[in-house]
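Please keep the view open and look up each residue as you go.

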Amino acid sequence: MPSCTTCNSFLKRDIRFSIARNINPYLESLHDNFKINIKKASKQLKGFDIKESDVEFICKTKKTQKHIDIFALKELYLAHIDYIREIVMKINDYGDEEYLESLKKYGVSDPWQFFLGNFIHQQNINDRPLAKLTTDLYEQLGIPNINSE
């Protein structure tokens with residue numbers, strides 16, 4: 001499996017990979033097999049209250065958990081705890097429907113994407129850094145769909 005020097009040299013090391021034991025991103029989606037979750041998420045949660053220990057990875061399979069461990073994905077995502085706090089704060093504190101609806105009047109086709117500054121739909125998850133994280137938080141916090149006419 002081709003990958004960058006960092007993954008090949010520092011993370012994978014001498015681990016022998018196989019399709020049976022490891023995720024092959026060309027054959028199956030990693031993103032469909034885990035969610036990034038805030039343990040105590042609610043509409044009352046303030047972004048600045050979130051600690052690294054509040055962020056969890058929910059994996060569908062042991063194979064997925066193994067992949068996350070080998071490639072240190074949890075540590076990589078937690079390096080962006082400030083981004084997690086900011087997304088939760090934007091959604092809970094400032095993401096009121098009236099404001100977002102007003103964006104549509106000015107031609108913004110996807111107000112939540114514009115407001116959060118990242119993609120929020122599964123089909124775009126690989127198109128921008130941290131889109132997986134943004135999408136999972138957006139979905140977890142139960143944002144109403146105001147994108148449809």
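1. Let us begin with E28, which counts as partly exposed because its relative accessibility is 28%. Here buried means under 20% relative accessible area, exposed means over 50%, and partly exposed lies in between, with a 1.4 Å probe and protein chains only. E28 and K63 join their side chains in a salt bridge, at 3.0 Å from N to O. The term stands for a side-chain nitrogen of Lys or Arg within 4 Å of a carboxyl oxygen of Asp or Glu. This pair links distant parts of the chain, as K63 belongs to helix α2 and E28 to the loop between α1 and β1, 35 residues apart. K63 is also partly exposed, with a relative accessible area of 22%.

2. A word on what you are looking at. This is a predicted model, in which local features need pLDDT of at least 70 and side-chain atom pairs count only at pLDDT 80 or more, while totals for chains, interfaces and linings use all residues. Residues are numbered from 1 along each chain as its sequence is written, and side-chain values use heavy atoms, leaving out hydrogens and water.

3. Now the overall plan. The chain has 7 helices and 2 strands, and from the N terminus on its elements run α-β-β-α-α-α-α-α-α. Helices (H or I, at least four residues) and strands (E, at least two) are DSSP runs, numbered from the N terminus. Of the 149 residues in the chain, 42% are buried. The accessible surface comes to about 9000 Å², with 53% of it belonging to carbon and sulfur atoms; such areas come from the Shrake-Rupley method with a 1.4 Å probe, and for residues only the protein chains shown count as cover.

4. How is strand β1 placed in the structure? In β1 (residues 34-38), 4 of the 5 residues are buried, so the strand is largely enclosed by the rest of the structure. Its partner is β2 (residues 55-59), which runs antiparallel to β1 and is joined to it by 5 bridges. Two strands pair if DSSP finds at least two bridges between them. Within this pairing, I38 stands opposite V55 of β2.

5. Two further salt bridges deserve a look, each inside a single helix. K132 pairs with D136, their closest N and O atoms being 2.9 Å apart. About one helical turn separates K132 and D136, because they are 4 residues apart in helix α7. Both K132 and D136 are buried. Salt bridges with shared partners join K35, K132, D136 and E139 into one network. E86 and K90 form the other bridge, with 3.4 Å between the closest N and O atoms. These two residues lie in helix α4, 4 residues apart, about one turn of the helix. E86 is partly exposed at 39% relative accessibility, and K90 is partly exposed at 21%. The structure holds 5 salt bridges.

6. Please also find D93 in helix α4 (residues 81-94). D93 is partly exposed, at 30% relative accessibility. Not counting residues up to four places away in sequence, D93 touches K46 and V88, where contact means heavy atoms within 4.5 Å. The C-alpha atoms of D93 and L45 are separated by 8.9 Å, although these residues are 48 apart along the chain.

7. Which residues of helix α5 are buried? In α5 (residues 97-105) they are L100, L103 and K104. Seen down the axis of α5, these buried residues fall within an arc of 105 degrees, so they line one face of the helix; the arc is that of the directions from the helix axis to the C-beta atoms. Their cover includes α6 (111-116). The face of α5 turned away from the buried side carries the exposed residues E98 and K105. Just after α5, G107 takes a positive phi of about 90 degrees.

8. Finally, two backbone details to check. Most residues other than glycine have a negative phi. A72 has a positive phi near 50 degrees and is not a glycine; its place is the loop between α2 (62-70) and α3 (73-78). L130, also not a glycine, has a positive phi of about 70 degrees, and this residue is found in the loop between α6 and α7 (131-140).
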